[in-house]
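Reader: Could we go through the charged contacts in this model, please?
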Amino acid sequence: MEYYDKRAILLGEYIVNNKATVRAAAAAFGISKSTVHMDVSQRLKKINAGLYRQVREILDINKEQRHIRGGLATREKYKKLKLEEEEEAQAVQA
């Protein structure tokens with residue numbers, strides 16, 4: 001089995017076991033998101049169809065939820081900024 005095929009299987013197993021996003025898998029393996037995507041969407045489909053279907057289910061769920069995660073991240077960002085501004089204002093007054 002070729003190195004790239006083994007990597008595709010490892011990535012697929014990682015995504016399934018951790019319910020990971022493409023970004024999380026890329027960070028864990030130290031490779032780019034596009035490489036992860038190619039491995040699990042093209043290579044894995046040819047190598048292990050069962051694992052491919054499991055990965056596809058998780059990635060489809062992640063895709064459906066990404067707008068929610070983005071909104072939550074934005075909300076947290078502005079909450080943090082507001083707290084920092086309040087702390088600076090209190091430090092100036094003290």
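Predicted model: local features only at pLDDT ≥ 70, side-chain atom pairs only at ≥ 80, totals over all residues.

Reader: How many salt bridges does a search of the whole structure find?
Author: The search finds four, a salt bridge being a side-chain nitrogen of Lys or Arg within 4 Å of a carboxyl oxygen of Asp or Glu.

Reader: Which residue meets Asp39 in a salt bridge at 2.6 Å?
Author: Arg7 does, N to O. The pair links distant parts of the chain, 32 residues apart, with Arg7 in helix 1 (residues 3-18) and Asp39 in helix 3. Helices are DSSP runs of H or I, at least four residues, numbered from the N terminus.

Reader: Is Asp39 buried or exposed?
Author: Asp39 is buried, with a relative accessible area of 0%. Buried means under 20%, exposed over 50% and partly exposed in between (1.4 Å probe, protein chains only). Arg7 is also buried, at 12%.

Reader: Which residues are linked with Asp39 in a network of salt bridges?
Author: Arg7 and Arg43 are linked with Asp39 in that network.

Reader: Turning to helix 4, where do Arg56 and Asp60 lie relative to each other?
Author: Both lie in helix 4, four residues apart, about one turn of the helix. Arg56 is partly exposed at 26%, and Asp60 is partly exposed at 34%.

Terms used: Residues numbered from 1 in each chain as written. Heavy atoms only, no water. Helix = DSSP H or I, 4+ residues; strand = E, 2+ residues; numbered from the N terminus.
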